[in-house]
Amino acid sequence: MFTKDRPESALLSSESSQRAAPARTRQLAVLLTLVATLSLMGAVVRAEAPEVVDAITPQRVALDVGLAGEAPASVARYLLARGAASAQLSPDGSTIAFRYDVTGTRQLWLVDASGGVPRQLTFGNGVTFFTWAPDGKQLLYGADNDGDERPAYYLISADGKRERLLLPATDQGFRSWGGFSSDGRHIYYASTERNGLDFDIYRANVDSGAVERLFEGRYGFFVDAPSPDGRYAIVVESVGEDADNLYLLDLGSGDLHAVSVPGQAQISDRADHSGGGFWWRADSSGFYFASSAGQEFAAVYYLPLAAALADAPTRSDWTPIASAGHDLHEMRLCANDRYLLWLHNEDGFSRLGGRDLRRNRPLQFPLLPDGVYGIDCARDAPRALVRVTNWETPGDIYALDLRRRTAQRVFASQLAGLEPSNFVRPESIRIRARDDVELQGLLYLPRDAAAGANLPVLFFVHGGPTGQARPTYSGVIQYHVAQGAAVFRPNVRGSTGFGRTYTQLDDREARLDSVRDLIDMLDHFEADDRIDAQRAAVLGGSYGGYAVNAVLAAYPGRFRAGVSLFGVADWVTALEVASPALKASDRIEYGDISEPRWRAFYTKQSPVRQADQIRVPVLYSHGARDPRIDIAETETMVRTLRANGVPAPYIRFDDEGHGWRKLANRVFYTTREVAFLREYLYRIQDAGIQVQTESDGP
């Protein structure tokens with residue numbers, strides 16, 4: 001619901017999604033629903049507006065980083081450790097562009113593909129995505145206003161000396177990048193500019209800025225990969241958190257041709273063509289893509305254009321390229337159609353795969369560090385890059401020579417004086433839920449943790465809900481481990497990376513089964529004497545913030561404390577004000593909130609209805625500019641807990657959206673989070689909080 005990637009977020013490797021509605025509509029819907037909610041709960045509320053909630057707001061304070069080599073290191077140093085993100089090779093393979101926020105905001109940087117000193121290219125409010133123009137002489141990037149996800153589009157020359165605004169931001173313009181035409185004269189994108197509700201498909205002239213609407217959509221229609229000959233563009237329609245329907249748009253006539261549209265009424269028959277984009281052959285004769293349609297795991301296929309345009313295309317027209325007992329994703333077509341690259345996802349760890357299409361044989365690759373990869377390759381040269389992030393690497397870049405099978409690190413992460421050998425590699429563990437579903441998660445333990453250590457444990461719940469906890473770098477996690485805590489990153493049912501069936505196990509009525517998984521995972525640690533399962537806290541953001549609210553309410557006392565960042569409190573409100581990009585998928589993932597059946601279900605099952613059962617302290621936080629989950633969701637929970645005498649400190653960021661982009665805000669927030677956990681978890685014996693050992697939850 002909150003992190004389904006669209007084409008531009010695949011470029012920037014972030015939590016981005018288009019979750020929004022017009023401001024006045026959102027505010028009115030939230031206000032009316034909150035009034036009804038609080039009335040049902042017996043709360044005292046003025047009908048005209050909710051009362052103002054006292055909140056902590058960021059203040060300018062001196063940054064205390066301590067001394068290099070000092071033990072323990074300050075939390076600020078862990079946050080200052082930064083790496084490259086969203087790296088892309090220029091078409092000729094000579095230059096690498098990447099996002100880097102070492103300055104405190106996300107900016108665009110360039111480095112020579114053979115190595116050297118990187119140089120900063122942009123200096124504005126923060127880059128949300130970027131891509132090279134086909135000629136390699138300039139780049140297009142998007143930037144929004146303090147996380148409101150309404151980006152303007154800019155063009156900047158590769159030398160940084162010329163820059164211009166191509167498309168200004170608009171109040172209703174939630175845009176999703178589609179691509180350049182092969183000659184660089186036009187760009188394609190989807191946007192809600194027409195009515196603020198539905199995504200239409202547009203073409204804009206790069207020279208004049210003139211815009212024309214090519215297709216009028218409903219809910220979430222997104223353009224991806226215009227064909228090199230300019231005749232067609234691939235269009236995907238969101239029909240589920242993990243699924244898309246597939247079409248071809250005739251760019252001349254505006255006609256839409258269905259390529260793969262399974263029966264939408266059958267949840268088990270959803271299409272899934274969201275495995276890393278679509279890549280046309282240079283002669284426009286067909287395209288490569290990944291899909292898990294009709295099977296458990298995403299595999300790589302080739303589809304000829306003639307078959308795609310047939311009256312009734314079927315999966316028998318898809319030519320299989322590669323498959324495995326796990327997902328294949330994030331493809332790239334390189335070196336004038338000679339090489340096809342992709343990634344394997346094995347328990348969250350990446351492995352590089354590929355094929356020499358000319359010789360029809362698998363590619364061999366040099367050894368790379370373990371972790372999570374991002375890949376790209378040159379259109380016109382046998383060169384590729386791999387961006388590696390893992391438990392000790394925020395984001396290194398390796399340049400690959402595909403002919404010589406060599407790799408060279410051309411960009412190294414900034415570790416802020418921390419010693420990488422002190423960082424902890426997670427262990428992938430499997431846990432059986434009470435209904436015999438096999439669950440998975442990543443467990444981080446201090447290096448000296450031994451039998452009988454009885455460490456407090458922090459559960460970090462991912463967003464999505466179809467996200468996946470993977471072994472990426474997290475300064476916050478490594479800091480807590482260095483403080484002597486265990487950290488567990490659960491992949492409850494509904495997570496991606498473990499097959500279609502697993503991803504759909506939390507749909508609709510089964511939503512609370514994924515919440516129950518957190519309790520079954522906590523119970524698992526009762527038998528591990530390295531961990532004190534009686535001293536556990538649960539943390540999460542976005543959908544993970546909902547999970548925190550839900551598990552604390554449904555299973556009172558099992559966790560000692562909670563930390564909920566910009567999470568859902570009331571599904572009725574959240575689904576009503578969901579963005580058009582997600583309304584279609586929400587109906588499959590959660591049910592159609594306009595139907596009395598689902599409205600009654602979520603009226604009963606939303607965390608806010610059970611909030612009076614929460615008996616432990618919860619730290620809340622939210623960005624005032626969040627376009628995906630209204631800040632009122634968090635403030636409702638804060639009011640309810642405080643009215644019941646439960647500690648509920650609340651941090652409000654007026655200059656942030658769905659997450660904290662600014663370094664100063666990240667440091668401010670994390671310092672407060674650490675202090676909260678020290679008070680209510682690490683020193684819990686002095687807090688006087690009673691823990692319930694037997695669950696009375698559903």
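Which residues of β25 lie on one side and which on the other, and are they buried or exposed? To find out, select strand β25, residues 372-377, in this predicted model. V372, G374 and D376 lie on one side, Y373, I375 and C377 lie on the other, and all are buried. Both faces of the strand are therefore covered, because side chains in a regular strand alternate between the two faces of the sheet.

Now display the side chains of R379 and D380. They form a salt bridge, with an N to O distance of 2.9 Å. D380 counts as partly exposed because its relative accessibility is 36%, and R379 counts as partly exposed because its value is 41%.

A second pair to select is E346 and R351, whose side chains form a salt bridge at 2.7 Å, N to O. E346 has a relative accessible area of 32% and is therefore partly exposed; R351, at 39%, is likewise partly exposed.

For a pair in a buried setting, go to R609 and D570. Their salt bridge brings the closest N and O atoms to 3.2 Å. This pair links distant parts of the chain, 39 residues apart: R609 is in the loop between α11 (596-605) and β35 (618-623), and D570 is in the loop between β34 (561-565) and α9 (571-576). Both R609 and D570 are buried.

Salt bridges may also be joined into a network. Select R194, D198, D200, R213, E216 and R218 to see one linked in this way. Across the whole structure, the search finds 34 salt bridges.

R405 counts as partly exposed because its relative accessibility is 48%.

The last stop is helix α7, residues 511-524. This helix is mostly covered, with ten of its 14 residues buried. The buried residues are R511, S514, V515, R516, D517, L518, I519, D520, M521 and L522.

Key:
Residues numbered from 1 in each chain as written. Predicted model: local features only at pLDDT ≥ 70, side-chain atom pairs only at ≥ 80, totals over all residues. Heavy atoms only, no water. Buried < 20%, exposed > 50% of the residue type's maximum accessible area, 1.4 Å probe, protein only. Helix = DSSP H or I, 4+ residues; strand = E, 2+ residues; numbered from the N terminus. Salt bridge = Lys/Arg side-chain N within 4 Å of Asp/Glu carboxyl O.
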